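Me: I am new to this structure. Please show it first, then take my questions one by one.

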Amino acid sequence: HNYYVRFRGRIRSGPDARWMPFEADQQSVADPPTRLFWIRATMMGMPIDGLHRLAAGHATMRIKPLGAFAIVDAAGAEMDQGETVTLFNDMCLLAPGTLVDPAIRWEPVDARTAKARFTHAAHTISATLFFDEDGLLKDFVSDDRFASADGKQYARWRWSTPITEYGTFGPYRLAARGAARSRPPGGEYLYAAIDILEV
């Protein structure tokens, strides 16, 4: 029905940007689909807070240095669709019990690959899931997520979240370490490295 996740790692805004260490907390609800992701990062010694919110089919992203004015205040159709991809990614990595939802249409590709179409509110997104020889998800790839540095201009780039390590969280074996990769026209780059500390 719901789940809480605690993360830490490093993140950057572009292939040439400086890495920022971060910690994050996420609260998610399966029905109705809701995702609240609060990140605390440090950029050149300055604390930055960010909140990604998906509720009732609509998403917002607000980034504030020193907890003051927002330097990014994003909303709109691109945010809604992008966060729908992220929501489905979370379902695959952190809450696989939610994947029996009739809102998901599955299509087998081969013995270790499947395509999925997930519908939430006004958006239907697709992703390709790759599995290893043990049946564990090793990568999630979607072309339906938008990237934006300022919350005003958006680009639709391939997005993937390769998983490098699994761990035990209570009775469950879930992704414990992974990354987020973006593929702009200039070439793919790693923009986040993530450790999952608690689920």
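**Surface, strands and rings**

Reply: The protein chain exposes about 10,700 Å². Carbon and sulfur atoms supply 53% of that area. Keep in mind that this is a predicted model.

Me: How many helices and strands does the protein chain have?

Reply: Strands come up again and again below. The protein chain has 16 strands and one helix.

Me: What radius of gyration does the protein chain have?

Reply: Start from the length, 199 residues. A compact globule with 199 residues would have a radius of gyration near 16 Å. The chain agrees with that, at 16 Å.

Me: How far apart are the end C-alpha atoms of helix H1?

Reply: Helix H1 covers residues 77-94, which is 18 residues. At 1.5 Å a residue, H1 should span 26 Å. The model agrees, with the end C-alpha atoms 25 Å apart.

Me: How many of the 18 residues of H1 are buried?

Reply: Buried means under 20% relative accessible area. H1 is mostly covered. Its buried residues number 16 of 18.

Me: Which residue in E3 is the bridge partner of Gln-26?

Reply: Strand E2 (residues 20-29) and strand E3 (residues 34-43) run antiparallel, joined by eight bridges. They form a hairpin with four residues between them. In E3, the partner of Gln-26 is Phe-37.

Me: Which residue in the turn between E3 and E4 has a positive phi?

Reply: E3 also runs antiparallel to strand E4 (residues 46-55), with nine bridges. E3 and E4 form a hairpin with two residues between them. The residue with a positive phi, about 50°, is Met-44.

Me: How many residues apart in sequence are the parts tied together by Phe-7 and Phe-37?

Reply: A search of the whole structure finds six aromatic pairs. Phe-7 and Phe-37 form an edge-to-face pair, 5.6 Å centre to centre with 65° between the planes. Phe-7 lies in strand E1 (residues 2-11) and Phe-37 in strand E3, so the pair ties together parts that are separated by 30 residues.

Me: Is Phe-37 buried or exposed?

Reply: The cut-off for buried is under 20% relative accessible area. Phe-37 has 13% relative accessibility, so it counts as buried.

Me: Which strand holds Phe-118, the partner of Phe-88?

Reply: Phe-88 and Phe-118 form a stacked pair, 5.2 Å centre to centre with 15° between the planes. Phe-88 is in helix H1.

Conventions
Residues are numbered from 1 along each chain as its sequence is written. This is a predicted model: local features need pLDDT of at least 70, side-chain atom pairs count only at pLDDT 80 or more; totals for chains, interfaces and linings use all residues. Side-chain values use heavy atoms; hydrogens and water are left out. The expected span of a helix is 1.5 Å times one less than its number of residues. Buried means under 20% relative accessible area, exposed over 50%, partly exposed in between (1.4 Å probe, protein chains only). Two strands pair if DSSP finds at least two bridges between them. The radius of gyration is taken over C-alpha atoms; the globule rule is 2.2 Å times the number of residues to the power 0.38. Accessible areas come from the Shrake-Rupley method with a 1.4 Å probe; for residues, only the protein chains shown count as cover. Rings of Phe, Tyr and Trp (its six-membered ring) pair if their centres lie within 6.5 Å; planes under 30 degrees apart count as stacked, over 60 as edge-to-face and the rest as tilted.
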